[in-house]
Amino acid sequence: MSEAITPVIELSEVRQYYQVGRGLLRRNTGIVKAVDGISLSIPEGTTYGLVGESGSGKTTTARMILMVESPTEGQVKYMGQSLSDFSNSERRAFQSSIAAVFQDPWSSLNPRMKVGSIVSEPLTTHQDVSKSERNDRITELLEVVGLHANHAERYPHEFSGGQRQRIAIARALSTQPKLIVLDEPVSALDVSIRAQILNLLKQLQNNQNLSYLLIAHDLATVRYMCHKVGVLYLGRLVEEGSSQQLFAEPKHPYTRALISASLPSHPKDQREEIVLEGEIPSPLNPPNGCYFHTRCPNVMDKCSQETPEYLEVIPGHQVSCHLYP
């Protein structure tokens with residue numbers, strides 16, 4: 001019997017609600033359910049992809065994992081321990097075990113700092129290292145991401161977009177993290193550069209047993225990078241499964257629509273064209289029942305009355321839809 005893989009990060013029924021106020025007295029006028037009861041886990045050495053339209057809760061989920069925000073309800077666990085139970089020393093250790101790479105490398109790199117200082121900043125913040133150890137680590141990290149040691153003395157504006165993203169990845173690796181949150185890591189790059197960065201990330205994952213949470217709109221990136229994919233709609237997971245199974249046989253009408261709107265992996269591939277009508281409902285006033293029923297091409301009467309259960313329709317593949325009783 002094979003040994004179970006330990007989840008690096010695990011979310012259990014996590015919710016993030018924000019009170020909305022208006023006027024000078026900021027009177028409460030409602031609650032925005034940015035994340036509404038999602039559960040997921042990211043095992044060691046794997047990539048979990050979160051997809052969905054803007055406002056679906058992807059970034060809020062990432063902020064809770066990074067401890068930028070605390071959930072309103074539910075638990076976020078790191079290596080089996082709830083983040084809310086961390087002592088100050090455990091919190092500091094966690095912060096050195098998790099990192100992030102953002103969409104735009106230009107805005108995420110301090111233009112007044114040399115590359116060596118940018119790459120080593122997390123290292124010197126979270127660990128006690130000597131100057132020689134710091135310099136050795138900078139050289140090692142730059143070479144790992146495909147840059148040269150002498151690039152440490154240059155400034156970010158002297159590099160191309162792809163090189164700047166390599167610098168951002170080197171910075172994320174400086175504290176030897178277990179998990180890296182990738183927030184649209186290649187969407188701001190030229191198409192010709194994207195494959196290089198994605199291949200670098202996969203190579204680093206294989207060599208260092210890294211785990212990734214990938215947030216992306218580009219489903220081709222998700223399909224190439226991810227072992228497992230979760231589809232978010234208005235703060236709820238509507239489908240989750242292995243990347244291979246989800247793209248081959250999407251179950252939820254929303255997932256089918258997202259895939260039909262993306263570019264095919266091959267020009268000869270034929271896809272059903274699905275056009276979603278209407279706008280995404282406001283998270284301040286979501287519809288009753290299934291949140292997606294106002295736009296769903298397969299809507300039924302009970303969709304507007306009952307919230308569908310989140311069920312496993314085939315092993316390892318879950319969906320929340322009344323099409324699957």
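A residue counts as buried when its relative accessible area is under 20%. By that cut-off, tyrosine 233 and phenylalanine 292 are both buried. The model is predicted.

**Largest pocket**

- The volume of the largest pocket is about 440 Å³. Its lining comprises 17 residues, and those closest to the centre are Gln95, Ile98, Ala99, Ala100 and Pro122.
- Four elements each contribute at least two lining residues: helix H2 (88–96), strand E6 (98–101), helix H4 (115–126) and helix H6 (161–173).
- H4 gives the largest share of the lining, with four residues.
- Sorted by class, the lining holds nine nonpolar, six polar and two charged residues.

**Aromatic pairs and cluster**

- Five aromatic pairs turn up in a search of the whole structure. One of them joins tyrosine 233 and phenylalanine 292 in an edge-to-face arrangement, with 5.1 Å from centre to centre and 85° between the planes.
- This pair connects distant parts of the chain, its two residues being 59 residues apart. Tyrosine 233 belongs to strand E9 (residues 228–233), while phenylalanine 292 is in the loop between helix H10 (253–261) and strand E11 (310–314).
- A single aromatic cluster is formed by Tyr78, Phe86 and Phe94.

**Charges over rings**

- Lysine 202 places its charged end over the ring of tyrosine 224, at 4.3 Å from the ring centre.
- Arginine 236 has its charged end over the ring of tyrosine 291, and the distance to the ring centre is 3.7 Å.

- Strand E3 (residues 47–51) is largely enclosed by the rest of the structure, because five of its five residues are buried.
- In a regular strand, side chains alternate between the two faces of the sheet. In E3, Thr47, Gly49 and Val51 point one way and Tyr48 and Leu50 the other way, and all of these are buried.
- Within E8, tyrosine 212 is the bridge partner of threonine 47.
- E3 also runs parallel to E9, and four bridges join the two. Here leucine 50 has glycine 230 of E9 as its bridge partner.

**Helix H1 and the residue after it**

- Helix H1 (residues 58–65) is mostly covered, with six of its eight residues buried.
- The buried residues in H1 are Lys58, Thr60, Thr61, Ala62, Met64 and Ile65.
- Just after H1, methionine 67 adopts a positive phi of about 65°.

**Isoleucine 193 in helix H7**

- Isoleucine 193 is part of helix H7 (residues 191–208).
- Is isoleucine 193 buried or partly exposed? Its relative accessibility is 24%, so isoleucine 193 counts as partly exposed.
- Between the C-alpha atoms of isoleucine 193 and glutamine 163 the separation is 9.4 Å, and these residues are 30 residues apart along the chain.

Key. Residues numbered from 1 in each chain as written. Predicted model: local features only at pLDDT ≥ 70, side-chain atom pairs only at ≥ 80, totals over all residues. Heavy atoms only, no water. 1 Å grid on protein atoms, 1.4 Å probe; cavity = no way out; pocket = protein on both sides within 12 Å on 5 of 7 lines; lining within 4 Å. Points joined across faces, edges and corners; volume = space filled by probe spheres on them. Nonpolar A, V, L, I, M, F, W, Y, C, P; charged D, E, K, R; others polar. Phe/Tyr/Trp six-rings, centres within 6.5 Å; stacked < 30°, edge-to-face > 60°. Buried < 20%, exposed > 50% of the residue type's maximum accessible area, 1.4 Å probe, protein only. Lys NZ or Arg CZ within 6 Å of the ring centre and 35° of its normal. Pairing = 2+ DSSP bridges.
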